[in-house]
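Thanks for coming. I will go through one structure this morning, starting with the overall make-up and then moving to a few elements and residues.

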Amino acid sequence: MTRFRRLVLELGHGAVDPETMRQAAAFAHLMDAELHALFVEDETLLHASALPFAREISPLSCQWRPLETERLEAELRAAADQARQQLLEATRATGVRRSFEVRRGDLALHVTDTCVATDIVVISPARRMGTMHGVQRLSDTACRSAASVLFLPPRAGRHHGVIVAVAAGADDPALDVARRIAAQEREGLLVLTPIEIGVDEAGTIRLLPGYSVQDVVAALGDMRERLIVLTRDGIGEGTDLAAARGVPVLVLGPV
């Protein structure tokens, strides 16, 4: 079974705040993994600043001004420094191993080039409308990578509760990963599956009528779970499921 070595948290699109960083650090601690912050500088903005007609609105004067490359470079450095400090503060409390990397260029290329099967890409919720496009693009990119994906809920989840595996069958990797986490954390294991399968005495089974977000939400009812684990077939629904249940959703990558 894959042992996850890194949580990869992309920071360059403004979608990550200190609370998200803390959630990511807590999950890295749960998985005994390193929290790797990947700050991708948007090269599109820098290219645009080289155009003589490029303009931006000054946040102070609310007047249009030239889009200057030197100012953009300084703002990117300041944003990276702020993100690095947030990473330090989030990991200091938990003792999680951390690393910070700055790259420039296309987000999709860097995520797919950087991430491997032992990584988990973190998808944070879009807290402002301006970040929705960046978050969706990162989610789509993660779907195509070799890594697994962690969808975080809008607010921090629970510190205790059953670990849920949504399994298509007895050999579904989600079952093994959820079982391992439940045993490590001394939590209960709940298996949601559309077919009859056997689990050990520490687990409970609930049958699903189908394999959708609505089916999972209905089956969980008033359960206060801590984490939901499923395989990549449901990756497009990870954000919806995390929001509906208010807990992280770990979607396992290709096996």
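The protein chain has eight helices and twelve strands. By helices I mean DSSP runs of H or I with at least four residues, and by strands runs of E with at least two, both numbered from the N terminus. Please keep in mind that this is a predicted model, where local features need pLDDT of at least 70 and side-chain atom pairs count only at pLDDT 80 or more, while totals for chains, interfaces and linings use all residues. Residues are numbered from 1 along each chain as its sequence is written, and side-chain values use heavy atoms, with hydrogens and water left out.

Of the 255 residues in the protein chain, 49% count as buried. Buried here is under 20% relative accessible area, exposed is over 50%, and partly exposed is in between, with a 1.4 Å probe and protein chains only. Contact means heavy atoms within 4.5 Å. Taking contacts between residues at least 6 apart in sequence, 68% join residues at least 24 apart.

Now to strand 11, residues 227–231. Why call this strand largely enclosed by the rest of the structure? Five of its five residues are buried, so the rest of the structure largely encloses it. Leu 227, Val 229 and Thr 231 point one way from the strand, while Ile 228 and Leu 230 point the other way. Strand 11 has a parallel pairing with strand 8, residues 163–166, over three bridges; two strands pair if DSSP finds at least two bridges between them. In that pairing, Leu 227 is the bridge partner of Ile 163. Strand 11 also pairs with strand 12, residues 249–252, again in the parallel sense and over four bridges. There, Leu 230 has Val 251 as its bridge partner.

Next, helix 1, residues 18–31. Its 14 residues reach 20 Å from first C-alpha to last, close to the 20 Å expected at 1.5 Å a residue. The expected span is 1.5 Å times one less than the number of residues. Buried residues in helix 1 include Thr 20, Gln 23, Ala 24, Phe 27 and Met 31. An α-helix has 3.6 residues a turn, so residues three or four places apart point the same way. Just after helix 1, Asp 32 takes a positive phi of about 55 degrees.

Phe 27 sits in helix 1 and is buried, at a relative accessible area of 5%. What does Phe 27 touch, leaving aside its neighbours within four places in sequence? Its contacts are Leu 7, Ile 120, Leu 150, Leu 227 and Leu 250. Leu 227 is the strand 11 residue that bridges to Ile 163. Leu 7 is 20 residues from Phe 27 in sequence, and their C-alpha atoms are 8.4 Å apart.

Phe 27 also brings us to the second largest pocket. On a 1 Å grid over the protein atoms alone, a pocket is an open set of points where a 1.4 Å probe fits, with protein on both sides within 12 Å along at least five of seven lines; lining residues have an atom within 4 Å of a point. The pocket holds about 440 Å³ of space. There are 18 lining residues, and Gln 23, Ala 26, Phe 27, Arg 158 and His 159 lie nearest the centre. Helix 1 supplies the largest share of the lining, seven residues. By type, the lining has eight nonpolar, five polar and five charged residues. Ala, Val, Leu, Ile, Met, Phe, Trp, Tyr, Cys and Pro count as nonpolar, Asp, Glu, Lys and Arg as charged, and the others, Gly among them, as polar.

Val 8 lies in strand 1, residues 6–10, and is buried at 2% relative accessibility. Beyond its neighbours within four places in sequence, Val 8 is in contact with residues including His 36, Leu 38, Cys 115 and Ile 120. His 36 belongs to strand 2, residues 34–42, and is buried too, at 6%.

Last, helix 3, residues 69–92. Its 24 residues should span 34 Å at 1.5 Å a residue, and the end C-alpha atoms are 35 Å apart, which agrees. Arg 71, Leu 72 and Leu 76 are among its buried residues.

Notes
Grid points are joined across faces, edges and corners, and a volume is the space filled by probe spheres set on the points.
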